[in-house]
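Please look over the sequence and the structure before reading on. The report is written for someone meeting this chain for the first time.

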Amino acid sequence: AKSPVDDTHLLHKINKHVDFSLAASLVISCYSKDHGRPCVDPEIFFRMLLISYLYNISSDRRLCQEVRYNLCYRWFCKIGLKDKVPD
């Protein structure tokens, strides 16, 4: 299926060449099954952090807002239009 994001967009290029699926295995030991609230999917978390770094978004609140409203960011983070953006 063709991506809704232009092939020349930076996030499209990163998505094509970087495997974020390793994120969960790298941080699994940091999570407790018995305590705390459910975690954000580590792959989504790392994708959001990369957006924050690349686009100089210094506030977590602003990052969540940007991902909520920017369709390219949603696509990169694998968050559907009807899905809730993690906070």
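What follows goes from the chain as a whole to a few of its residues.

## Overall architecture

The model shown here is a predicted one. Its secondary structure consists of five helices and zero strands, so that the pattern read along the sequence is α-α-α-α-α. Along the principal axes, the C-alpha trace covers about 45 × 25 × 25 Å.

Of the 87 residues in the chain, 31% are buried. When contacts between residues at least 6 apart in sequence are considered, 47% of them join residues that are at least 24 apart.

## Surface and charge

The chain exposes about 6,700 Å², and 55% of this area is supplied by carbon and sulfur atoms. Its side chains include 13 positive and 10 negative ones, and the centres of these two sets lie 3 Å apart.

A nonpolar patch on the surface is formed by Leu 10, Tyr 53 and Leu 54, which together have about 330 Å² of accessible area. Of these residues, Leu 54 belongs to helix α3, which covers residues 42–54. Leu 54 has a relative accessible area of 32% and is therefore partly exposed, since that class lies between the limit of under 20% for buried residues and the limit of over 50% for exposed ones.

## Glu 43 and its contacts

Glu 43 is also found in helix α3. Its relative accessibility is 18%, and because the cut-off for buried is under 20%, Glu 43 counts as buried. Once its neighbours within four places in sequence are left aside, the residues in contact with Glu 43 are Phe 20, Ser 21, Ala 23 and Lys 78.

Lys 78, one of these contacts of Glu 43, lies in the segment after α5, the helix of residues 71–77. With a relative accessibility of 55%, Lys 78 counts as exposed, because that value is over 50%.

Asn 56 is placed in the loop between α3 and α4, the latter being the helix of residues 60–69. At 64% relative accessibility, Asn 56 counts as exposed.

Technical notes:
Residues numbered from 1 in each chain as written. Predicted model: local features only at pLDDT ≥ 70, side-chain atom pairs only at ≥ 80, totals over all residues. Heavy atoms only, no water. Patch = residues over 30% accessible without salt bridge, like charges linked within 9 Å, V, L, I, M, F, W, Y side chains within 5 Å. Areas by Shrake-Rupley, 256 points an atom, 1.4 Å probe, with all protein chains shown as cover. Salt bridge = Lys/Arg side-chain N within 4 Å of Asp/Glu carboxyl O. Helix = DSSP H or I, 4+ residues; strand = E, 2+ residues; numbered from the N terminus. Buried < 20%, exposed > 50% of the residue type's maximum accessible area, 1.4 Å probe, protein only. Contact = heavy atoms within 4.5 Å. Lys, Arg positive; Asp, Glu negative; His and termini not counted. Charge placed at Lys NZ, Arg CZ, Asp CG, Glu CD.
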